[in-house]
Amino acid sequence: MSAFRTSGPARAGQYAALLAYLVFLAFPFLWLVSTAFKPAAELGSLHPTWIPKDPTLENFRQAFDEQPLLRAAGNSLFAALTAALVAVAVATPMAYVLARRRSRLTAAATGWVVVSQAFPFVLLIIPLFLILKNLHLINTLGGLVAVYVVWSLPFALWMLTGYVRAVPAELEEAAAVDGAGRLRILVSVTGPLLAPGIVATALFAFITAWNEFFFALVLLKTPEKQTLPVVLTHFLGAEGVADLGPLAAAAFLATLPSLVVFAVIQRRITGGMLAGAVK
Amino acid sequence: MRRLTTLAGAVAAVLVLLLAGCTAGGTGGERGADGVVRLRFLSLAWQKESVDANRELVAEWNAAHPRVQVDYVQGSWDSVHDQLLTSFEGGEAPDLIHDASDDLADFAYGGYLADLRPLLSERLRADIPAHSWRTTTFGDGIHGVPFLQEPRMIMANRKILVEAGVRIPTPEKPWSWEEFRSVARDLTARMGRGRYAVAWPLKEPVSVSLNLGLSAGGRLFHREADGKVTLRFEDGDAVVPGTIRAMVDTDRTASRATLGSGGSDTLPGFFGGKYAMVPLGFSYRQQIVQQAPKGFDWMVLPPPAGAGGLAQGVSPQTLSIAEESPHKKEAAAFLDFLLQPQATVRLALGDWMLPTSTTALADPVLHTPRFGWATGAAVARQLRPAPAQSVRGYPEWKDKVATPAFQEYYSGAIGDEELRRRLVEDGNRVLARYQRD
């Protein structure tokens with residue numbers, strides 16, 4: 001029996017509040033979808049409607065006709081997926097050490113990780129640009145991936161450290177008592193319990209890289225390398241003037257990969273977030 | 001543990017290989033092994049017709065000049081300043097740079113942009129009026145070619161104006177600011193409740209107030225004999241802000257709701273007959289053509305005039321050459337090709353703007369009454385550099401002092417005296433910091 005029994009009206013209120021919150025969250029996306037399917041004349045209507053009166057795919061046709069969206073999406077996908085995989089591969093062992101080995105050094109490292117999140121982009125971009133230039137990584141997706149990994153690493157590390165701490169050390173000690181080696185413990189005991197956290201962290205790194213604009217704008221110089229967020233700004237003019245229909249269509253398509261990835265693994269993320277919540 | 005180390009090493013090796021595999025050379029402004037010079041042209045053209053025109057011209061150049069090839073790169077107005085700054089600092093700037101003249105001061109004074117005086121052809125120098133060259137002159141050098149410009153015009157609902165029987169202004173006989181206010185009162189009275197003669201989109205109140213202020217004789221920025229700039233708020237400076245404030249606050253002929261809006265935000269109300277007139281940049285005509293409902297009858301009117309006639313300030317679009325480019329002569333030759341009169345007309349039509357080139361501006365295609373081209377072309381002759389064009393410290397004055405002051409003034413929160421005090425006293429303190437010897 002639940003410890004939190006609510007009355008009918010209270011439950012109805014909870015659902016109403018939840019619904020209102022969901023509507024609030026979904027509003028920009030739904031408006032984007034609606035705009036993407038509206039003909040030009042409806043975009044300028046004084047009384048806009050949620051459902052386009054005369055829905056059209058013209059905005060999508062124009063968007064693909066005017067900009068190389070597929071190529072840009074491919075570049076984004078490569079950069080985001082690679083950055084997510086590398087970030088997780090690098091952050092996982094580091095997080096394990098930070099969580100399991102308590103010392104002044106690890107405390108200082110954790111503090112630095114948190115502080116490093118406070119640096120603004122603009123402060124970092126010029127030194128980063130010079131470093132990448134010396135490495136001959138300007139205008140390469142590899143250079144962009146390296147930046148994304150470095151950029152997402154602190155938060156990934158911070159997230160994963162929390163997940164590692166949620167895995168009881170007693171389980172590892174019990175496995176050690178049963179004769180398992182360090183690697184066996186990591187692979188067979190800690191790994192599976194950590195999997196939801198790793199997936200959640202990878203998702204975070206993926207979405208961060210997928211949506212990132214400024215580094216991609218500055219580091220990629222040729223059209224063939226540009227990522228989706230950079231190409232989306234080609235629908236914008238000076239002082240915020242926009243080619244609204246094609247922009248909405250392209251932006252709608254740009255949100256789909258994140259939504260799909262999130263939908264596929266959201267159950268694992270929920271599991272990961274709750275892992276260790278009850279001891 | 002050894003296997004863990006091996007695993008970490010493998011991951012690192014994969015990472016290095018991945019980075020190496022993705023590496024590509026080829027920066028702009030370099031001569032390849034085949035002796036061909038490759039120039040990188042960062043263009044901010046964004047409307048389809050404009051991008052097409054740029055690409056076609058680049059293709060024509062490349063076909064005619066196999067030894068000097070231009071790579072067209074479409075940039076973005078969003079963050080272009082930071083993008084360029086990073087590229088300049090990193091030594092990876094494009095050879096040819098498209099920007100707006102009001103964004104060039106920092107780059108020009110920073111030594112990032114080449115002085116074009118020894119590079120430009122006499123034809124190009126002579127074809128662009130001196131006042132346009134002033135928008136790209138910083139110190140002793142010219143650091144960009146001003147090639148397209150955009151006056152602020154009044155987009156009007158022809159049906160409402162004709163039915164009201166008001167005098168339709170022309171570039172030869174524009175409205176005075178007082179007449180504009182009077183016409184707005186007539187129109188609002190006829191249009192009925194909830195409708196307004198004018199919607200002022202004042203998301204960027206400083207450029208509107210200063211640039212249109214020239215028509216009333218406003219200057220605000222005064223260069224003294226010692227070369228330093230000071231702010232003075234004189235009678236001419238008060239006309240445009242005073243008129244807008246009175247229309248919103250006293251006459252109720254301008255919508256208060258649009259004060260915080262951008263130009264695009266006012267278009268639905270314009271199409272729906274809620275506003276009879278909207279002062280907008282000339283290029284907004286493209287959005288009106290695209291989005292207006294069938295049968296919507298509109299026209300382009302010149303802005304009101306005062307002691308300064310139809311003068312107004314503009315910050316033209318510019319083309320510059322990076323100082324670090326090793327092939328400035330080739331880049332200048334391309335600029336000369338791109339900005340031939342006929343080519344400039346194509347660029348102007350693509351951007352729905354007006355050329356600075358005298359020859360291009362005289363082209364009959366820009367004098368058709370269709371979509372207000374003729375009205376715009378007539379106003380173009382009166383365009384002048386934006387008042388604060390090359391004043392160091394202007395961006396800070398604009399962001400920290402003028403924008404909040406104008407926003408509060410137009411909303412009615414502060415009065416004339418407080419506006420004057422803030423713009424001048426606070427403003428001069430900002431400018432003084434930039435003008436210390």
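Glu408(B), Glu418(B), Arg421(B), Arg422(B), Glu425(B), Asp426(B) and Arg429(B) are linked in a network of salt bridges. A salt bridge is a side-chain nitrogen of Lys or Arg within 4 Å of a carboxyl oxygen of Asp or Glu. In general, side chains of opposite charge can pair when their charged atoms come close. Over all chains of the structure, the search finds 29 salt bridges.

The model is predicted, so local features need pLDDT of at least 70 and side-chain atom pairs count only at pLDDT 80 or more, while totals for chains, interfaces and linings use all residues. Residues are numbered from 1 along each chain as its sequence is written, chains are lettered from A and ligands numbered from 1 in the order in which they are written, and side-chain values use heavy atoms, with hydrogens and water left out.

**Individual salt bridges**

| Pair | Closest N and O atoms |
|---|---|
| Lys221(A) and Glu92(B) | 2.4 Å |
| Arg167(B) and Glu179(B) | 3.0 Å |
| Lys400(B) and Glu396(B) | 3.4 Å |
| Lys159(B) and Glu163(B) | 4.0 Å |

Helices (H or I, at least four residues) and strands (E, at least two) are DSSP runs, numbered from the N terminus. Lys159(B) and Glu163(B) both belong to helix H7 (residues 158-164) of chain B, where they stand 4 residues apart, about one turn of the helix. Both residues, Lys159(B) and Glu163(B), are exposed. Here buried means under 20% relative accessible area, exposed over 50%, and partly exposed in between (1.4 Å probe, protein chains only).

Arg167(B) and Glu179(B) form a salt bridge. Arg167(B) lies in the loop between H7 and helix H8 (177-191) of chain B and Glu179(B) in helix H8 of chain B, so this pair ties together parts that are 12 residues apart in sequence. Arg167(B) is partly exposed because its relative accessible area is 29%, and Glu179(B) also counts as partly exposed, at 25%.

Lys400(B) and Glu396(B) are 4 residues apart in helix H17 (residues 394-411) of chain B, and therefore about one helical turn separates them. Lys400(B) is exposed, at 59% relative accessibility, whereas Glu396(B) is buried, with a relative accessible area of 13%.

**The interface of chain A and chain B**

The contact (heavy atoms within 4.5 Å) takes 46 residues from chain A and 40 residues from chain B. About 3800 Å² is buried between the chains, and carbon and sulfur atoms give 66% of this area. Buried area is the accessible area (1.4 Å probe) that two parts lose on being put together, summed over both.

Between chain B and chain A the count is 1 salt bridge. On the side of chain B that touches chain A, the elements giving two or more residues are helix H1 (2-22), strand E3 (68-74), helix H3 (80-89), helix H11 (263-271) and helix H12 (285-291) of chain B. H1(B) provides the largest share of that side, 7 residues.

In H3(B), the buried residues are Val80(B), Gln83(B), Leu84(B), Thr86(B), Ser87(B) and Phe88(B). The buried residues of H3(B) pack against helix H6 (121-134) and helix H10 (214-219) of chain A, together with strand E2 (37-43), strand E4 (96-100) and helix H4 (105-109) of chain B. Just after H3(B), Gly91(B) takes a positive phi of about 70°.

**Two buried residues of chain B**

Gln317(B) is found in strand E15 (residues 317-321) of chain B and is buried, with a relative accessible area of 8%. The side chains of Gln317(B) and His98(B) are joined by a polar contact of 2.7 Å.

Val229(B) has its place in strand E11 (residues 229-231) of chain B and is buried, at 5% relative accessible area. Leaving aside neighbours within four places in sequence, Val229(B) is in contact with residues including Phe221(B), Val391(B) and Leu431(B).

Methods
Polar contact = N/O pair within 3.5 Å; in protein donor to acceptor, adjacent residues only side chain to side chain.
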